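Please keep the sequence and the coordinates in view while reading.

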Amino acid sequence: MPYDLSVFKVLIKKIFPPKKCVYTLDTTGNGKADSVQIKALNVIIPFVIPENIKIGDFNIQTFDMNNIDISKYAKIYLDNELLNISKENVNLDTIQERIMIYHGGELFTLNNILEGKLIGRTIALGDNISIILKLDESSLEKLTEGKHIFKIESDIITGIEIHFELDKNNMNLRFDSNNT
């Protein structure tokens, strides 16, 4: 049975404030955006990352990065356009190199997370968690100035819509790990 989060629209808006949750970043210093930052704010309660993360059939302890097909777990849309996240389209080695999570100024790669390096970490009330995704140029071109929406459909969780807005204040910013 999927968890329907659509009733939490107001809460999702507080966790992902539209003008402060998505940024395009220049992580190389060449003046051109190459990544997107998705920032979530803990507005609920302090919590500790558990040892065993299990949502529906997904269990981080049995997660096999070499055989993952993300499209079997979820469909992700940007402005109602389905993003192709199938195993055939997504290079797993690239994912491991291109996904970074920051908390408290500390970097965690996808491999760090799978190795359990976040287990026991406290996420305090008011803390930010940032996900940095290095994207190809064609994906970044879709992130234009104006209002956008990320929508996630899954058998595990339904009803997640993250509304965000991009403008000169959150586009093509120079990456600063102290501001994650």
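Four strands form an open antiparallel sheet in the order β8-β7-β13-β15; strands here are DSSP runs of E of at least two residues, helices are runs of H or I of at least four, and both are numbered from the N terminus. Two strands are taken to pair if DSSP finds at least two bridges between them. At the edges stand β8 (81-82) and β15, each with a single partner strand, so one side of each has no neighbour in the sheet. Strand β7 (residues 74-78) and strand β13 (residues 146-154) run antiparallel and are joined by five bridges. Leucine 78 stands opposite phenylalanine 150 in β13.

This is a predicted model, in which local features need pLDDT of at least 70 and side-chain atom pairs count only at pLDDT 80 or more, while totals for chains, interfaces and linings use all residues. Residues are numbered from 1 along each chain as its sequence is written, and side-chain values use heavy atoms, with hydrogens and water left out.

The protein chain as a whole has four helices and 16 strands. Of its 180 residues, 33% are buried, that is, under 20% relative accessible area with a 1.4 Å probe and protein chains only (exposed is over 50%, partly exposed in between). Contacts are heavy atoms within 4.5 Å; among those between residues at least 6 apart in sequence, 67% join residues at least 24 apart.

The largest nonpolar core has 16 residues, of which Phe16, Cys21, Val22, Leu143, Phe150, Ile162 and Phe164 touch the most other members. Such a core is a set of buried Ala, Val, Leu, Ile, Met, Phe, Trp, Tyr and Cys residues joined through side-chain atoms within 4.5 Å. At least two residues come from each of α1 (9-15), β3 (35-41) and β15 (160-166), and β15 gives the largest share, four residues. Beyond four places in sequence, the contacts of phenylalanine 164 include Leu78, Leu143 and Phe150. A second, separate core of six residues includes Ile101, Ile113, Leu118 and Ile123.

Serine 130 lies in strand β12 (residues 128-134). Serine 130 counts as buried because its relative accessibility is 0%. Its side chain makes a polar contact of 2.9 Å with that of glutamine 37; a polar contact is a pair of N or O atoms within 3.5 Å, where within protein one must be able to donate a hydrogen and the other to accept it, and residues adjacent in sequence count only if both atoms are side-chain atoms. Leaving aside residues up to four places away in sequence, serine 130 also touches Ile101 and Thr180, among others.
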